Amino acid sequence: MYLIPCPHCGPRAQVEFTYERTVDSVVQPDAATGVAMRALFTRANPMGLDEEIWRHSFGCRAWMVLTRHRVTHAIEAVRAVGPEALP
Amino acid sequence: MTGPSRIAPGGETLGFTFDGVAYRARAGDSLAAALLANGVGLVGRSFKYHRPRGVLSAGVEEPNALVTVGEGGRTEPNTRATDLFVYEGLVARSQNRWPSLGVDFGAAIGLFSKALPPGFYYKTFFGPAKRWLRYEWFIRRAAGLGPAPTLPDPDRFSQRAAFTDVLVVGGGPAGLTAALEAAEAGRRVILVEQDAMLGASLVRDADLPAQAWLGETVDRLHALGARILTRTTASGYWDHNFLSLTQRLAEPGAIPTHCVAQRLWHVRALQVVLAAGAIERPIAFTNNDRPGVMLSQAVRTYVRRFGVLPGCRVVIATNNDDAYRTAQALAEAGAEIVAVLDARPRPADVAERFPVFWNARPASVEGSRHHLRRVSAIVDGAERSWNADLLAVSGGFVPAAHLHMQAGGKLDWNEGAQAFTPGATPQACVTIGAAASPPASTVSAPVGHPKKSFVDFQNDVTLADIDLAWAEGYRSVEHLKRYTTLGMATDQGKTSNMLALARLAEKGRVAIPDAGLTTFRPPFTPATMGLLGGPAARHAGAHVRRIALHDSHAALNPIWQPLGYWFRPRAYPRGTETLAQASLREARSVRTGVGMADVSTLAKFEVTGPDAAAFLELVCATSVSKLAAGRGRYTFMLREDGMVFDDGTVWRVAEHRYLLTSSTGGADRMAAHISYVRNCLRPDLRVSAVNVQEHYAGIALAGPRARETLAALAGTTLPRHMSIEPGEIGGIPVWLLAASYSGERAFEIYAEATRIAPVWTALAAAVEAADGCPYGLEAMELLRIEKGHIVVGGEVDGRLTPHDLGLEKMLNKAGGFVGASGLGRPALSDRGRRELVGLEALAGTIPEGAMLVTAEGCPPEGHVTASARHILHGGSIALAHLADGRYRHAEELIATSPTRGLATRVRVVSPHFYDPAGDRYRD
Amino acid sequence: MNRYSALGLLRGALNGQSHWKPAWRDAEARGHYDVVLIGGGGHGLATAYYLAKVHGIRNVAVLEKSWIGGGNTGRNTTLVRSNYRLAPLHNFFEFGLKMWEHLSDELNYNVMFSPRGAILLGHSDGDMVKLAERGDAMRCDGIDAELLTPGQIAKIEPLLNLSRAARFPIEGALIQRRGGTARHDAVAWGYARAADQLGIDIIQKCEVTGFVRNGGKVTGVETTRGRIGAGRVGICVAGHSGHVAGLAGLKLPIESQTLQALVTEGVKPMVQSVVMSQSLHCYISQSDKGGIVMGGDPDNWPSYARRGQPTIIEGAIAQAIALMPALSRLRMLRTWSGVTDMSFDGSPIIGPTPVDNLYLNGGWCYGGFKATPASGWTFAHTLATGASHALNAPFGLDRFERGATIDENGVGPKPNHR
């Protein structure tokens, strides 16, 4: 049970969060079919760090990107995404 | 006399039974202590050979003394007699024996043990699978330990969460010292101890100063606000310093004082201190599993803590100094120390208080099913033997590094102690006390007969079994465990793992640390399923969501239908009506007059802001921006791969304000999707998309008389088809939407959920006055199928494109919506894809879910997604998926359901059975 | 090499079972093989066996980074069934189920395939229609499936909660009587022994660290035991598919997730069949040793650690007790986790990759164990002939980009949603 540092709420238990997808799988709807489908259907799936999109679904509901290690489960970094995170 | 007894008689205040025989016990006795005090040597039978077994240990590592305790739904099989404190009325039964513990026919298996080596079942019982099933019937009955429970659990289990600065596991001197240090430094402390009392080794090796220190430390911890949980086991160590603790509030089988039998704690700790001590290793020799062979520290515990003398004439076998303290304790209690067998060479200068034999190893024991009689040893290469009724053994100590390993920690090899000790750990935890630095001991090769030298007592795994596994190539420690079942018993190998590793190292002629290492996984000791499931077990972990109009429906006594977490009225039967009769009446009322239905659970989103249209054109696959204010339209949404995954309606309430509805079942998924699009794809848009599913409740009013019924109530101009107007009913502000799901003139009336009840009441009165009635989900199904409207979870199964569903003409020509790029995949325009069609029965009823075939025996080319009937004039109709369906209208097929023995001839038709032009609701 | 039989055991009774030879040789790697299989789990070993047995290709090595059968083959809940709704899936798994029925004899190793019945419970009229649909699809393709009434279910599993008041009342079930369980370790060992007898080299503690490329082609593998040349290379590494394919520069439609399972202390028989549910996410059976074996949904986020999250398993237990209240006082003895290769349509991938001579067998999600014989058989066919068999042709790697996914649950490219 991870302790996830929500950028808005502080550290919270993992049960409050939902994993959605990896950052490299995000594609804009107007992308060409080949590009979009490769991004959508393939993953680097590394045995190491990857950037993942999580949502504080049972908390503030904000979205964030965790840089998380797939073997140690260490969360190296977190950043907010969404309108609040815009400069 | 021989056998165990009480040192000083008296003080027995509790009554309990074992196998129906009544005994007395002192308060604080473990069941094992009480049985020993009563001279009971034989407590259980082993798993495979049904060998007689007594008490080996005094703790949770016990492999032998397993009993079934409690009665009815509180029955707990496989309870360790060493980890159960006697209470008045305790009922314990031995297990895995027939007809009785003393006379167990199962022991006959032992006669065939030579033909039943480990893994024998892999080498025989061949033939077809059905034949194995027959062998297995017998094997299953012979296997298993305790009886299978049959009754539900009468007790409750609670769960609790806690945060702490320091969690100390183990209430011995090391743990108490660490807890006190932390508490005095102002930290929040939780200390857990699996025993009923604190002190651990201090209880076993008590002297007066130690007793005084224990009392003072506990008082001080309490004063500093530390939380001390006894009878609580740190069971699992998970990621990010999260631990589960299991706390017994009632002993196994006992009736809990406050209905709560156990409590599960989820603790997040900044720092974890592991002070779980070390577990003594048995020694392998012939018949080392007999009653009367006990672990040395356990013997000391029975003497000092429980006042029980496990034997009068005692041989002690050891490879370390600790066992001499057992000799001392026994001698003080009046037992005769016949011999101390020390595996180590004679030291240069030693003062011997007992008859010590150096370079001596136990070789075998003899005795009855109940008690030990004789111990033989190899002393300096020669055999010696003694009459004795107890053999206390100490083969060294194994640090309890289980939690350390669960935490992802590594182990280091400690040559002096011949043990693995906790090494580096990725989590904030530290191991202290005997678990970090166990007493020194030496390695010594066993001298008994390998076939009768037991390593895993419960599963009857011997040294010979390990040797055979080695010979057959099962040399990885994990292969060994799995092939021989070593370490797989209820004690999880707490006493057997190191013995096995030592043997593997011996066979491979390598050092023990090179022989391999097994992993420890949660739980540390077996944990009650009901505790882990917790209160959620009562509702299968699924809460119930109550609709705003629940009470209004309940008053009509409907048939309820689960839909996601919701329960919605399925039909409102009158008198003796069946579901089918009621739903048909309700549907007819809509077709011919008026009906009303609760549609509150539909997903609803309010989308506002200057970029609201642009945002919706991402989410919806249909055009949205051309919608005039006050108008609405049907829409559907695609997944990124181009498949339709939901549908609904979108309404432009004002210039920059939209209401989007979608299916009930997909509501949570749609909420996440909309949030994803907003936050991850287009955070730059000036838009707000708010989930208002439960904010607004809704009522559908449908039928040729819907307009007049509503007009009388609302008093305003009613919206024309696919338009939205504000209104007021019964003084409550509402939105009036004109949209038809049923195929009739229809309105949806939305109000704030907390204020919907009077709206329902007013509408219900008006509907009744117009000879109408409320209708449920079943009638809604009949209506929408006849109309040819698709539904999410039915026709929309996540595998079809807009083209497959006949929706391609509605796609936003401008593209740019989610899923547009997915639609470009080549195979999506292949022939042979499933497409939406209608079916009409040539005779009979079309079974829902049936396969569509051209002739019986041919492979299915589609299936029936929903079946209904023409509401007014009868005749079975259905919606279906059919390969290339749009080109196959008028073809005749068979809808066949072999599982139900049904088959119906059908004709493929358009899915729109009723008013395809929409004349009944268009203005 | 010994033949396994009851007679052999009796002979052993006289000689102290001293005549048994190693079940398989601990082989040293040779320089070149016709086929190198990466991964010594059930799938890799079965592939090797069928390459030799069916296609006569015996110059084959199975490379295992640890010990054979130590990955998901030894970490699953041992269920065997073919009760899928979609034809490519049920036809594939049914082919496998038929192989299971004779596997012990085929391998001369008792894998204890126990066709005790796989029951899929329905909890509403809607569930029952879906179950009928699934059963009808199976029956039309010649696969056994029957609907059961609650009364019939009670005869098989009297301890299920059949109360109408249950949160998920049991309305009926679909049973596949030929489904059941098998002894998972025995499958790996049995295939290893049989493959070894046909001359295949099983090389343990040999981790692949890279691929040898010649132009676009793979011509061998780099391992912790040196370079090994290969005519063709097959990847059968389940949860580690993404990692190993990454060594060849490939990104797969696979995400690795943790799947947890548990076993209780042993008790006398109380669960007779395999119990699964259409609405609840848990599955229950009882091992021959008496432990109740059960599991639930994966921890639905990516991980290569064999470490689960406790509330996931607690949730599965809550559901199991709701189905079978008598489980409450049993004790969970052991939990374990495997790394599952969750594919993006829930179906496996068996076939060529964009890299010449490199083939993939993966994407098994949480259902790979039961596929072992069929997976090995079809993958062997593909490796031997260079072309897919009709059974695995639908399961090509290119199906995702082409739009020909086989999406049993209709949830699309989201490996974390059931």
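The model is a predicted one, in which local features need pLDDT of at least 70 and side-chain atom pairs count only at pLDDT 80 or more, whereas totals for chains, interfaces and linings use all residues. Residues are numbered from 1 along each chain as its sequence is written, while chains are lettered from A and ligands numbered from 1 in the order in which they are written.

With 13 other C-beta atoms within 10 Å, C:S5 is partly exposed; a residue is buried if 20 or more other C-beta atoms lie within 10 Å of its own, exposed if 12 or fewer, and partly exposed in between, with C-beta atoms placed from the backbone. Residues up to four places away in sequence aside, C:S5 touches B:K123 and B:T124, contact being defined by C-beta atoms, placed from the backbone, that lie within 7 Å. C:S5 and C:Y109 are 104 residues apart in sequence, and their C-alpha atoms are 9.1 Å apart in space.

Chain C has eleven helices and 19 strands. Its radius of gyration is 21 Å, close to the 22 Å that the globule rule gives for 418 residues, so chain C is as compact as a globular protein of that length; the radius is taken over C-alpha atoms, and the rule is 2.2 Å times the number of residues to the power 0.38. Of the 418 residues of chain C, 68% count as buried. Among contacts in chain C with a separation of 6 or more, 75% are between residues 24 or more positions apart.

The contact between chains C and A takes 23 residues from chain C and 18 residues from chain A. On the side of chain C, at least two residues each are supplied by α8 (241-247), β12 (254-264), β16 (299-302), α9 (310-323) and α11 (399-402).

In chain B, five strands form an open sheet with parallel pairing, in the order β16-β24-β18-β19-β20; two strands pair if DSSP finds at least two bridges between them. The edge strands of this sheet are β16 (293-295) and β20 (356-358) of chain B, each pairing on one side only. Five bridges join β18 (residues 313-318) of chain B to the parallel strand β24 (residues 390-394) of chain B, and B:A317 stands opposite B:V393 in β24(B). Helix α6 (residues 296-304) of chain B packs on the sheet, touching β16, β18 and β24 of chain B, and its direction makes about 85° with that of β16(B). Axes are lines fitted to C-alpha atoms, for helices over the stretch in contact, and angles run from 0 to 180 degrees between N-to-C directions.

Terms used. Two residues are in contact if their C-beta atoms, placed from the backbone, lie within 7 Å. Helices (H or I, at least four residues) and strands (E, at least two) are DSSP runs, numbered from the N terminus.
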